[in-house]
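Open the model in your viewer and keep the selection tool at hand. The tour goes stop by stop, with what to select and what is there.

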Amino acid sequence: MSQESLAIKEIWQKNSITLGIKWSDNQEFLYDVRTLRALCPCAGCQAQRPANELLEQVRPKTITSVGSYALKIDFNDGHNTGIYSFEFLKDLGEQQKKQG
Amino acid sequence: MVDMEQPLATDTNTQPIKNKIHSIIAVASGKGGVGKSTVSVLLAHFLKKRGYRVGILDADIYGPSLALMTKASPPSQEGNTIFPGKSSDISVISVGMFADPNKAQVLRGPMAANLLGQLYRQVAWGELDFLIIDYPPGTGDIQLSLSQLLTVNAALLVTTPQDLALLDVRKAISMFKTLNVPLAGIVENMSYFTCSNCQEKHYLLGQGGGAKLAKEFGLCELGSLPANQDLTRAGDKGLFGDDSYFSPQLLEAIEKVGVSFLGELAKIRPAPNLSSFTLNWRS
Ligand SMILES: Nc1ncnc2c1ncn2[C@@H]1O[C@H](COP(=O)(O)OP(=O)(O)O)[C@@H](O)[C@H]1O
Ligand SMILES: [Mg+2]
Ligand SMILES: [Zn+2]
Ligand SMILES: [Zn+2]
């Protein structure tokens with residue numbers, strides 16, 4: 001890996017539940033937005049995970065960049081305190097790829 | 001309206017506007033009516049959906065149509081600075097918003113290019129990843145001067161199967177080559193229709209003309225778009241921002257053009273990383 005900091009080249013909505021991100025190293029990963037909600041890194045969710053049955057219907061309303069290091073997702077269940085660092089998302093993508 | 005005999009602004013009282021535009025893309029064609037504006041708007045929306053900041057400059061003095069096609073809010077002006085109209089967060093400026101087309105299209109090439117260049121410079125575009133320029137059709141003085149006046153980073157050619165055989169397209173290709181403007185590729189528009197009876201693609205004028213031409217000149221065929229009434233209607237009503245208006249097959253064809261375009265562009269000019277964006281999720 002180069003020393004260059006991780007950044008996003010492209011970000012797009014693939015379908016109603018899938019987010020696509022092309023990273024600055026040209027790797028592309030797809031993310032299920034419900035998984036992102038389930039893995040919300042905010043303190044509240046760390047303490048208590050959202051119930052599975054609530055997740056099926058959950059979708060983002062907007063996805064916004066935070067500085068040059070993270071995304072903030074405003075979900076339609078009213079939750080918007082999770083800051084998803086690029087690091088975290090990139091790792092998640094790589095893990096998912098390994099698992100196939 | 002701007003008096004065509006007068007320059008839009010004199011340089012002395014023009015405030016320097018701080019714009020930062022990463023890539024200027026010319027959407028050009030050998031002749032009018034082939035879908036240059038339609039492709040410009042489709043590409044703008046595609047790029048917007050991928051998180052890029054996008055503007056369009058409708059420079060087609062012969063038939064400016066983007067104000068209607070995008071239903072953009074009207075631009076505003078403060079002193080010499082023009083603030084672009086907006087359509088789904090895309091900045092839109094059309095020469096038709098500022099100049100009387102009847103007068104503009106009789107201007108000689110360099111004059112017309114000057115008018116367009118001034119219009120371009122007066123606009124507070126802000127920071128854009130892409131500025132798409134809907135070019136005047138053809139390969140005359142205007143197109144030549146315009147490409148020199150603005151630093152065009154890449155051009156995309158729109159053709160139809162009918163005009164593939166014509167000299168105009170070849171002329172356009174060689175014009176950009178002469179100007180050292182890299183060609184991102186060719187979009188073949190209205191090349192087939194999807195039959196409502198058998199659901200097959202029918203190619204009215206034979207298939208693969210665009211690919212052949214692309215191969216001959218070492219260009220990429222970015223994709224073909226069908227002749228589709230929804231595209232005509234979207235153009236008439238300014239509905240391009242609404243994906244639910246198009247069939248999945250049509251969306252797929254549009255997406256292919258956009259993805260190939262980005263792929264080709266990356267070879268010409270590495271895409272910037274996104275610095276700030278908001279993605280609105282469509283349900
Ligand atoms: N693929 C298409 N299917 C159906 N109609 C189209 C298509 N492309 C363009 N049109 C229509 O054809 C006309 C000319 O297209 P336009 O984009 O304005 O061409 P240009 O800018 O090259 O003059 C418009 O009415 C437009 O809506
Ligand atoms: Mg046009
Ligand atoms: Zn949370
Ligand atoms: Zn048929």
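**Stop 1: a strand with two faces**

Select strand E3 of chain A. Its covered face holds A:Phe29 and A:Tyr31, while A:Glu28, A:Leu30 and A:Asp32 make up the uncovered one. Keep in mind that this is a predicted model. In a regular strand, side chains alternate between the two faces of the sheet.

E2(A) and E3(A) are antiparallel and share five bridges. One pair to pick out is A:Lys22 with its bridge partner in E3(A), A:Glu28. Four residues lie between the strands, and A:Asn26 has a positive phi near 75 degrees.

**Stop 2**

The three strands form an open sheet in the order E1-E2-E3, with antiparallel pairing. Which strands are at the edge? They are E1 (8–15) and E3 (28–32) of chain A, each pairing on one side only. From one strand to the next, the twist averages 20 degrees.

Zoom in on the E1(A) side. Six antiparallel bridges join E1(A) to E2 (residues 18–23) of chain A. Here A:Ile8 stands opposite A:Trp23 in E2(A).

Then show helix H4 (residues 86–99) of chain A. H4(A) lies across E1, E2 and E3 of chain A, and runs at about 90 degrees to E3(A).

**Stop 2: two places where the chains touch**

Select A:Ser65, in strand E4 (residues 60–66) of chain A. Is A:Ser65 buried or exposed? Its relative accessible area is 16%, so A:Ser65 counts as buried. Leaving aside neighbours within four places in sequence, A:Ser65 contacts A:Ala70 and A:Leu71, and from chain B, B:Ser275, B:Ser276 and B:Phe277.

Next, select B:Leu274. This residue sits in the loop between helix H10 (248–268) and strand E13 (278–280) of chain B. B:Leu274 is buried, with a relative accessible area of 9%. Draw a C-alpha distance from B:Leu274 to B:Gly51: it is 7.5 Å, although they are 223 residues apart in sequence.

**Stop 3: an enclosed strand**

Stay in chain B and select strand E8. Six of its six residues are buried, so E8(B) is largely enclosed by the rest of the structure. B:Ala154, B:Leu156 and B:Val158 point one way, and B:Ala155, B:Leu157 and B:Thr159 the other way.

E1(B) runs parallel to E8(B), joined by four bridges. E8(B) also pairs with E9(B) in the parallel sense, over five bridges. Centre on B:Leu157. B:Leu157 is the bridge partner of B:Ala28, and also stands opposite B:Ile186 in E9(B).

**Stop 5**

Select helix H7 (residues 167–178) of chain B. At 1.5 Å a residue, its 12 residues should span 16 Å, and the end C-alpha atoms are 16 Å apart, which agrees. Colour the buried residues: B:Val169, B:Ala172, B:Ile173, B:Met175 and B:Phe176. Look down the axis of H7(B): they fall within an arc of 160 degrees, so they line one face of the helix. On the other side, B:Leu167 and B:Thr178 are exposed.

What do the buried residues of H7(B) pack against? Their partners in chain B include E1 (20–28), E8 (154–159) and E9 (183–188), the strands of the previous stop, as well as helices H5 (141–149), H6 (161–164) and H8 (209–216). After H7(B) comes B:Asn180, with a positive phi near 65 degrees.

**Stop 4: the zinc ion**

Finish at the zinc ion, ligand 4. Its protein donors are B:Cys195 (SG), B:Cys198 (SG) and B:His202 (NE2), at 2.3 to 2.4 Å. Along the chain, the donors follow the spacing C-x2-C-x3-H. B:Cys195 counts as buried, at 11% relative accessibility, whereas B:His202 counts as partly exposed, at 29%.

Terms used
Residues are numbered from 1 along each chain as its sequence is written. Chains are lettered from A and ligands numbered from 1 in the order in which they are written. This is a predicted model: local features need pLDDT of at least 70, side-chain atom pairs count only at pLDDT 80 or more; totals for chains, interfaces and linings use all residues. Side-chain values use heavy atoms; hydrogens and water are left out. The expected span of a helix is 1.5 Å times one less than its number of residues. Buried means under 20% relative accessible area, exposed over 50%, partly exposed in between (1.4 Å probe, protein chains only). The arc is that of the directions from the helix axis to the C-beta atoms. Contact means heavy atoms within 4.5 Å. Two strands pair if DSSP finds at least two bridges between them. Donors are N, O and S atoms within 2.8 Å of the metal (3.2 Å for Na, K and Ca); water is not among the atoms, so sites may look incomplete. Axes are lines fitted to C-alpha atoms, for helices over the stretch in contact, and angles run from 0 to 180 degrees between N-to-C directions.
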